[in-house]
Amino acid sequence: MTEASLLGQSVHRRIRQMVLSGELTSGQSLSVPALATELGVSRSPVREAVQQLIYEGLAVSAPHAGAKVAAVDDDRIRDVLAVRAALDGLAAAAAATRLTEADLDKLTGIITAQRAHLDDPADPVRDAQLDLEFHTFIRDASGNTCVVDELARLEAQAHLYRGDLWCSARNRRVALREHRRIVEALESGHPESARAAAEAHVQGLLTRLARQ
């Protein structure tokens, strides 16, 4: 991989994290010159990164106004999660036959960290990042490149949603319980059990959103 490619990936990861963490908020301009100055790089990798964010659904392009961070509203997030339920199920079913003991230990470590923070004050950025890490690990372990690519886009859009799910102690506890069920199903090695647990988790998210 060339130095330019590595730089491009690094710039994309940095700007993407700025969006997902809320450092760059919905509707905020993604000014290529400004971001290039802030990151200390040329405009070319920033321009490419912004185009990638548009593809991922994290940014939108407005005529004569450049790109800005996308907004994910209630209707959009329900559509995203409905599709995610099916794809998360596919990913978990495939991962159930591929995960090693070390992989399962990694997933257990993530939910252990989630459990350790339950009694701490809510931190939506921290908790959303742990959730993203959990689902990304299972997604990547599926070995299905089509599912990996589509879920990467959908999961990013789901985490762009500015709901209050991660501000509720009850929602955090329910999410942890559902994550444990997914890990238990993955440990069993049964694809259908893993599929059901993963789909039930996303369906649970839809239910909790409806109660907001």
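Buried means under 20% relative accessible area. The legends below use that cut-off on a predicted model.

**View 1. Helix α6 and its buried residues.** Helix α6 runs over residues 124–141, a total of 18 residues. From first C-alpha to last, α6 reaches 26 Å. That is close to the 26 Å expected at 1.5 Å a residue. Which residues of α6 are buried? They are Arg126, Asp127, Ala128, Leu130, Asp131, Leu132, Phe134, His135, Thr136, Ile138, Arg139 and Ala141. An α-helix has 3.6 residues a turn, so residues three or four places apart point the same way.

**View 2. The helices around α6.** The buried residues of α6 pack against several other helices. These are α1, α4 (74–95), α5 (101–116), α7, α8 (169–188) and α9 (191–211). Just after α6 comes glycine 143, with a positive phi of about 75 degrees.

**View 3. Helix α1 against helix α7.** Two packed helices are described by the angle between their axes and the distance between the axes. Here α1 spans residues 3–20 and α7 spans residues 145–160. Their axes come within 9 Å and cross at roughly 40 degrees. The two helices are therefore oblique to each other. On the α1 side, Arg16, Val19 and Leu20 make the contact. They meet Ala152, Ala156, His159 and Leu160 in α7. By type, the contact residues divide into 5 nonpolar, 1 polar and 1 charged.

**View 4. The annotated span, residues 5–72.** An unreviewed UniProt entry labels this stretch "domain: HTH gntR-type". In the model, residues 5–72 are 56% helix and 12% strand. The end C-alpha atoms of the span lie 30 Å apart.

Definitions and conventions. Residues are numbered from 1 along each chain as its sequence is written. This is a predicted model: local features need pLDDT of at least 70, side-chain atom pairs count only at pLDDT 80 or more; totals for chains, interfaces and linings use all residues. Side-chain values use heavy atoms; hydrogens and water are left out. Axes are lines fitted to C-alpha atoms, for helices over the stretch in contact, and angles run from 0 to 180 degrees between N-to-C directions. Helices (H or I, at least four residues) and strands (E, at least two) are DSSP runs, numbered from the N terminus. Angles under 35 degrees count as roughly parallel, over 145 as roughly antiparallel, 65 to 115 as roughly perpendicular and the rest as oblique. Contact means heavy atoms within 4.5 Å. Ala, Val, Leu, Ile, Met, Phe, Trp, Tyr, Cys and Pro count as nonpolar, Asp, Glu, Lys and Arg as charged, and the others, Gly among them, as polar. UniProt positions are given in the numbering used here, feature names are shortened, and annotations may be inferred rather than shown by experiment. The expected span of a helix is 1.5 Å times one less than its number of residues. Buried means under 20% relative accessible area, exposed over 50%, partly exposed in between (1.4 Å probe, protein chains only).
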